[in-house]
Amino acid sequence: MIGFFRLILGGFVFLTILYLIIWLYARSVHREALEDEWDRDRPSEDRDAFISEGMTDFEGSLRRKLIWLVYVIPVVAALATYYFVNMH
């Protein structure tokens, strides 16, 4: 039973690290896209305000919420595997 809890804890730590890496990468890609858009289309506006507003929009976006699937998909796959191996 202790081995099971160690597996759960190790999996949670691994998924958390993976989540943080994906989240940071998605933020940097979105910020880069905002900077490129500002360079192309808005040379007279305040750049920092434009990027800050765009990053605020990103925090509430669907893409940001989809990153949570890093936790959901492996847990569902493990539970489905457990069910099909032990119950059938």
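1. Starting from the surface, the protein chain exposes about 7000 Å², and carbon and sulfur atoms supply 69% of it; the areas come from the Shrake-Rupley method with a 1.4 Å probe, and for residues only the protein chains shown count as cover. A word on conventions: this is a predicted model, where local features need pLDDT of at least 70, side-chain atom pairs count only at pLDDT 80 or more, and totals for chains, interfaces and linings use all residues. Residues are numbered from 1 along each chain as its sequence is written, and side-chain values use heavy atoms, leaving out hydrogens and water.

2. Helices here are DSSP runs of H or I with at least four residues, and strands are E runs of at least two, numbered from the N terminus. The C-alpha atoms fill a box of roughly 65 × 25 × 15 Å along the principal axes.

3. Of the 88 residues, 18% count as buried, meaning under 20% relative accessible area with a 1.4 Å probe, protein chains only.

4. The largest nonpolar core has 7 residues: L15, Y19, A26, F58, I67, V70 and Y71. Such a core is a set of buried Ala, Val, Leu, Ile, Met, Phe, Trp, Tyr and Cys residues joined through side-chain atoms within 4.5 Å. Both α1 (2-41) and α4 (69-87) supply at least two residues each, and α1 gives the most, with 3. A second, separate core of 5 residues includes W38, F50, I51 and M55.

5. Leaving aside residues up to four places away in sequence, L15 touches V70, Y71 and P74, where contact means heavy atoms within 4.5 Å. Among contacts between residues at least 6 apart in sequence, 62% join residues at least 24 apart.

Methods
Buried < 20%, exposed > 50% of the residue type's maximum accessible area, 1.4 Å probe, protein only.
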